[in-house]
Amino acid sequence: MSSLSTLSSSVRLEQGCWFKGERKIRVVADKRVKRPSSISFRVSANSAEKDIRIGLLGASGYTGAEIVRLLANHPHFGVTLMTADRKAGQSMDSVFPHLRAQKLPRLISVKDADFSTVDALFCCLPHGTTQEIIKGLPSALKIVDLSADFRLRDISEYEEWYGQPHKAVELQKDVVYGLTELLRDGIKKARLVANPGCYPTSVQLPLVPLLKANLIKHENIIIDAKSGVSGAGRGAKEANLYSEIAEGISSYGVTRHRHVPEIEQGLSDVTQSKVTVSFTPHLMPMIRGMQSTIYVEMAPGVRTEDLYQQLKSSYEDEEFVKVLEEGVVPRTHNVRGSNYCFMNVFPDRIPGRAIIISVIDNLVKGASGQALQNLNIMLGLPETTGLLHQPLFP
């Protein structure tokens with residue numbers, strides 16, 4: 001793609017439209033998305049500036065830092081607003097020295113943010129703090145919320161699992177759940193996307209196509225999931241100290257993890273009936289990575305090979321979801337730092353059952369990478385833009 005410095009001072013992203021400038025450049029290739037005609041973006045003559053201005057709420061956490069890292073390679077998204085109440089007044093590189101090479105605005109408090117200076121927003125605030133802030137934002141903003149505040153459609157279920165009332169009930173009906181590969185059409189037209197949780201992403205990507213094809217039973221789905229400690233956030237917690245985590249493994253949220261209703265909501269949508277799962281997460285002594293090992297009962301007459309072929313056909317055209325060659329076991333090492341999900345299916349030694357293994361990087365495909373993938377779609381850009389980082393190894 002041509003340098004942005006060759007472009008003129010204004011641009012409108014719409015289906016079938018071109019950037020205005022010295023050369024015509026097709027922005028959206030195979031997956032074109034019509035953009036609302038009322039939204040346009042400026043392009044600076046300075047090539048150091050990017051045409052779509054991005055705001056980032058909650059920039060001092062892991063997901064916020066990961067978004068900034070990913071955006072360094074995005075040709076159109078540039079961060080112009082960053083908030084972090086506890087770090088207000090500081091530079092981003094003083095909070096995250098690994099981002100020193102980027103030119104970033106100073107961190108400010110949310111109350112001091114001028115949202116008229118941004119075109120789209122990533123919200124990385126903790127659950128319970130997001131709803132009221134998003135409720136008060138300009139309606140023209142495209143928003144991807146990485147908290148749990150808008151993931152559950154049933155308000156009463158949110159209150160049950162998160163222990164507090166929902167503070168933006170009127171917005172919930174317009175929210176689109178952002179599991180990109182499976183709900184792309186709704187994301188294209190959304191103003192507010194609820195980015196999925198990391199565990200629900202790793203679980204739903206393999207299970208939804210199999211349930212949709214009626215290849216597995218709705219009952220007795222068992223999910224044994226494991227995550228690196230970055231999934232617990234950056235806050236100082238005794239349970240996350242090195243001496244508490246290293247050389248061990250621990251289960252948490254047993255029978256009551258807050259991702260359970262999110263997983264069951266997505267699976268129930270596919271089957272049009274209530275699906276209940278057994279889900280147990282574990283904390284692993286590693287920084288990044290997530291593996292979900294899923295045990296399912298196959299429908300009568302179905303073989304493991306049928307599950308494998310269904311997943312292969314479902315994701316054969318997807319960049320970020322890869323079904324591995326038969327017999328190859330997915331490893332978290334092989335997706336580290338990337339937006340990829342690797343998966344595979346294996347026959348259980350118990351007749352009629354199968355084992356599915358799905359791995360992601362919890363901070364990328366499980367959070368910030370999928371959020372960027374969603375915003376690309378919302379703004380009519382190829383969804384892989386800025387995301388084709390290959391996994392880090394070793």
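Reader: How many Å does helix α11 span between its end C-alpha atoms, and what would a straight helix of 15 residues span?

Author: In this predicted model, helix α11, which covers residues 364-378, spans only 18 Å between its end C-alpha atoms, whereas a straight helix of 15 residues would span 21 Å at 1.5 Å a residue.

Reader: Where does α11 bend, and by about how much?

Author: The bend is at Gln370 and amounts to about 45°. Just after α11 comes Gly380, which takes a positive phi of about 75°.

Reader: Is α11 buried or exposed?

Author: Buried: 15 of the 15 residues of α11 fall under 20% relative accessible area, so the helix is largely enclosed by the rest of the structure.

Reader: Switching to the sheet, what is the order of its strands?

Author: The sheet is open and has 7 strands in the order β10-β11-β9-β12-β15-β14-β13, with mixed pairing. Its edge strands, each pairing on one side only, are β10 (250-251) and β13 (321-323). Helix α9 (residues 260-271) packs on this sheet, where it touches β9 (221-227) and β11 (277-283), and the direction of α9 makes about 140° with that of β11.

Reader: Which strands pair with β15, and over how many bridges?

Author: On one side, strand β14 (residues 341-347) runs antiparallel to β15 (residues 353-360) and is joined to it by 6 bridges, with Asn344 standing opposite Ile357. Strand β12 (residues 290-297) also pairs with β15 in the antiparallel sense, over 8 bridges, and there Glu297 has Arg353 as its bridge partner.

Reader: Which β15 residues point which way?

Author: Arg353, Ile355, Ile357 and Val359 point one way from β15, while Ala354, Ile356, Ser358 and Ile360 point the other way, and all are buried. In a regular strand, side chains alternate between the two faces of the sheet. With 8 of its 8 residues buried, β15 is therefore largely enclosed by the rest of the structure.

Reader: And at what angle do helices α7 and α10 pack?

Author: Helix α7 (residues 198-212) and helix α10 (residues 304-315) pack at about 105°, with their axes 9 Å apart. Angles of 65 to 115 degrees count as roughly perpendicular, and α7 and α10 are therefore roughly perpendicular to each other.

Reader: Which residues meet there?

Author: From α7, Leu205, Pro206, Pro209 and Leu210 meet Leu307, Gln310, Leu311, Ser314 and Tyr315 of α10.

How values were computed: Residues numbered from 1 in each chain as written. Predicted model: local features only at pLDDT ≥ 70, side-chain atom pairs only at ≥ 80, totals over all residues. Heavy atoms only, no water. Pairing = 2+ DSSP bridges. Helix = DSSP H or I, 4+ residues; strand = E, 2+ residues; numbered from the N terminus. Contact = heavy atoms within 4.5 Å. Axes fitted to C-alpha atoms, helices over the stretch in contact; angles between N-to-C directions. Expected span 1.5 Å × (residues − 1). Bend = angle between axes of the 7 residues up to and from the residue. Buried < 20%, exposed > 50% of the residue type's maximum accessible area, 1.4 Å probe, protein only. Parallel < 35°, antiparallel > 145°, perpendicular 65-115°, else oblique.
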